[in-house]
Amino acid sequence: MPEDFKNLLLQNDKRILFVGIGNLLKRDDGVGAYISSKIRNKSNIEALTVEVSLENYIGKINTINPEILVLIDCVEMGSTPGTCKLMSISKINDLTFNTHNISLRRISEFFRMPVYMLGIQPEKIDFGENISYLVKEEADKIISYINSY
């Protein structure tokens with residue numbers, strides 16, 4: 001688990017919204033949606049699953065008005081499958097997002113709060129419903145870690 005992600009969760013005084021992005025029919029591309037669907041909402045943590053249509057949820061996210069927004073998606077980082085990294089949305093110019101018609105950085109301009117990306121390196125993004133073993137293993141660790149707060 002990245003240290004900066006742990007530090008983000010330690011901010012108990014801030015409301016964090018986790019938004020799961022991805023196509024559930026393209027194996028590891030669905031990891032963001034998988035994670036967000038398993039997060040238990042609490043007083044300072046909430047989750048929303050948007051799959052491939054983040055742009056349709058801009059109004060809802062702004063209505064929820066979290067103090068920190070974390071987008072969860074598979075990201076091609078050239079790393080070992082299952083590697084995860086938390087980064088500011090402003091730092092993602094050179095990374096590849098597999099199913100988006102519009103840049104996540106561009107969409108983030110519609111939000112009033114700081115926006116982060118929790119990117120998970122995919123292994124397979126071809127058609128199929130099962131997340132690969134290494135990616136699912138990391139996803140389950142992330143879910144467990146978030147739910148323990």
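## Cysteines

In this predicted model, Cys 74 has 0% relative accessibility and therefore counts as buried, a class that means under 20% relative accessible area, with exposed over 50% and partly exposed in between (1.4 Å probe, protein chains only). Cys 84 is likewise buried, at a relative accessible area of 12%.

The number of disulfides is 0, a disulfide being a pair of cysteine sulfur atoms within 2.5 Å. For Cys 74, the closest cysteine sulfur belongs to Cys 84 and is 13 Å away, too far for a bond.

## Nonpolar cores

The largest nonpolar core holds 25 residues, and Phe 5, Phe 18, Ile 35 and Val 70 have the most contacts inside it. Such a core is a set of buried Ala, Val, Leu, Ile, Met, Phe, Trp, Tyr and Cys residues joined through side-chain atoms within 4.5 Å. Among the elements that give two or more residues to this core are helix H1 (3-9), strand S3 (68-74), strand S4 (84-88) and helix H5 (133-147). H5 gives the most, with 5 residues. Helices (H or I, at least four residues) and strands (E, at least two) are DSSP runs, numbered from the N terminus.

Beyond its neighbours within four places in sequence, Phe 18 is in contact (heavy atoms within 4.5 Å) with residues including Phe 5, Leu 9, Ile 39, Val 70 and Ile 146. Another core, of 21 residues, lies apart from the largest one and includes Leu 17, Val 50, Ile 61 and Ile 64.

## Basis of the values

Residues are numbered from 1 along each chain as its sequence is written, and side-chain values use heavy atoms, with hydrogens and water left out. As the model is predicted, local features need pLDDT of at least 70 and side-chain atom pairs count only at pLDDT 80 or more, whereas totals for chains, interfaces and linings use all residues.
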